[in-house]
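Here is a short tour of some local features in this model. Please have the structure open beside the text as you read.

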Amino acid sequence: MNFAFALALVLAAPDRPVIDLSGGRIQPLPLAVARQLPSPEDAAAVQAVLVQDFERSGLFKLLDPASFLAAPGEGFIDIDFQKWQAIGAQALVKMSCEALATEVRCDMRLYDVARGQELLHGTYTAPKQALRLAAHRFGDDVVKYFTREAGVFQTRISYVREDDGEKQIVVSDWDGFAPQPLTTGSINLLPAWSPDGKTIAFTSFREGGGAHLFAVDAISRQIRPLVKLGDFTTGATWSPDGARLLFSASQNDNTDVYVAQANGTGVRRLTDSRGIDISASWSPDGKRVAFVSERAGTPQIYTMAADGSDVRRITFQGNYNQEPAWSPKGDLIVFSGRDEHRVFDLYTVAVDGGKVTRLTQNQGTNEKPAWAPNGRYLHFSSTRAGKRQIWMSQPDGSNPRQVTWEKVGASDPAWGPLSPK
C-alpha cells in the first residue's frame with residue numbers, strides 16, 4: 001500500500017540519547033508519548049499502535065501517562081521540557097493527526113528532552129483501512145535514529161494456522177495483526193519467505209502421495225509447484241540472494257539435504273550420510289549451511305560449506321537438537337533442543353567457539369525459532385499459555401510477548417524481509 005512520507009532530520013549533539021545494542025541486555029530508553037487533544041478516533045488508533053510498537057520492541061521504557069506533568073493540551077510550540085524531564089523522560093514523542101476522507105495524515109515529532117531539541121519531524125499519511133502503517137513507519141524511523149539499525153514494525157510474518165484436520169499458511173503484520181490465509185485445504189507447513197518478500201515457499205500434502213514443495217504469491221495467493229522429489233520433499237529455505245533453495249528430500253529410504261535453483265530446477269544433493277539430514281538454514285552470506293543430522297547417532301546441529309564440503313558438528317550437549325536458524329548477524333545459530341525432562345526449549349550456539357546458551361525454561365514447549373530480519377528478535381511457537389501459539393522475544397529470551405491468538409493453535413513462524421520490493 002502506498003502512503004506519502006516526508007522526514008526532516010535535525011542532527012543532534014554527540015551526547016544525544018542513544019540505545020546501546022553492543023552488549024547483552026539492552027537498557028530501555030525512557031520515552032514519553034504525549035496524549036493528543038483533541039483526539040479523533042483514527043488519531044487515537046494511530047497512537048495506540050505506535051505505543052504498542054515501542055512497548056513490544058524492548059528498546060523503550062514507556063512512561064505512564066498518569067505521571068505526565070505537562071498541560072494536556074501542550075502542542076508543538078513552547079514545550080515545557082523541564083516537566084517532561086521531571087518524570088524521567090529522555091525522549092518525547094508528540095503527534096497530531098487529521099482524519100481526511102479516505103486517509104489519515106499525522107504530524108509526528110521526536111524530541112531530546114534534556115536538550116529541548118527536535119530530533120525528527122515527519123508527515124506520515126496512510127489509508128484509513130491501513131492507518132497502522134503511519135505508526136509503523138514513524139516507529140521504525142525512531143528506532144533507526146536511536147540505534148542506527150532498521151526497525152521491524154513494517155515487516156510481515158507468516159505462520160501455520162492449526163485448524164481441525166487442516167493446517168494453513170497465514171500472513172500477518174509483525175505483531176500478529178490482521179492474519180490472512182494464503183492457502184486452503186490440506187496440510188500446509190513450514191513457510192519460508194523469499195528475500196524480496198513476494199513469495200512464500202512451503203511444504204504441502206495438497207496433491208496427495210506425500211509432501212512436496214510449493215510456492216504461493218504473497219499478494220495474489222496463486223500457488224505453483226516448486227519441487228517434487230522422492231517420497232517427500234520438505235523444509236525449503238531461500239538463499240540470501242534469492243537464487244537458490246535448500247530443502248530436504250527422501251529417496252531410497254534416505255533423507256538428505258539438497259539445493260536447487262529458485263525455480264526448483266537443477267536439483268543437487270549436498271549430504272550423503274547414513275541417517276537423516278534435514279532442516280537446512282543458510283548463513284547470512286550464503287557461504288555455509290546449518291542442518292540437523294543423525295550421523296553420530298542422535299540429532300545434532302552441523303554446518304557445512306554451501307557445496308556440501310567441510311562438514312562440522314557444532315552441538316555436543318543434549319541428545320536431540322533440531323530446527324537450526326542462522327542469525328542474520330552471522331554469530332549465532334538458534335535451535336530447539338530436548339532437555340532432561342523431555343521438553344523442547346530454545347538455545348543458541350555460537351558459530352565460533354560453540355558456546356551454548358539456554359533461552360527458555362519451565363515455560364511449556366518452545367520450538368521452531370525464527371529470526372527477525374535485523375537479528376534483534378526471535379519468533380517461536382510455545383505452549384506456555386496453553387495452546388500452541390507464536391511468541392516473540394529478544395535473542396536472549398527476555399521480553400517475551402504473545403503474537404498470535406489462534407483458536408486451535410499456531411506454529412512454524414517465519415519472519416519476512418525488512419523492505420519487500
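## Strands, a hairpin and a helix

Ser158 has Val171 in β8 as its bridge partner. This is a predicted model, where local features need pLDDT of at least 70, side-chain atom pairs count only at pLDDT 80 or more, and totals for chains, interfaces and linings use all residues. Residues are numbered from 1 along each chain as its sequence is written, and side-chain values use heavy atoms, with hydrogens and water left out.

Strands (E, at least two residues) and helices (H or I, at least four) are DSSP runs numbered from the N terminus. Two strands pair if DSSP finds at least two bridges between them.

| Strand | Partner strand | Bridges |
|---|---|---|
| β7 (residues 156–163) | β8 (residues 166–173) | Eight bridges |
| β10 (residues 188–193) | β11 (residues 199–204) | Four bridges |

The β7 and β8 strands belong to an open sheet of four strands, in the order β9-β8-β7-β30, with antiparallel pairing. At its edges stand β9 (180–181) and β30 (410–415); each has a single partner strand, so one side of each is left without a neighbour in the sheet.

β10 and β11 make a hairpin with five residues between them, and Gly197 in the turn has a positive phi of about 75°. Across this pair, Leu189 stands opposite Thr203 in β11.

Now to helix α1 (residues 41–57): its 17 residues should span 24 Å at 1.5 Å a residue, and its end C-alpha atoms are 25 Å apart, which agrees. The expected span is 1.5 Å times one less than the number of residues. Just after α1, Gly58 takes a positive phi of about 75°.
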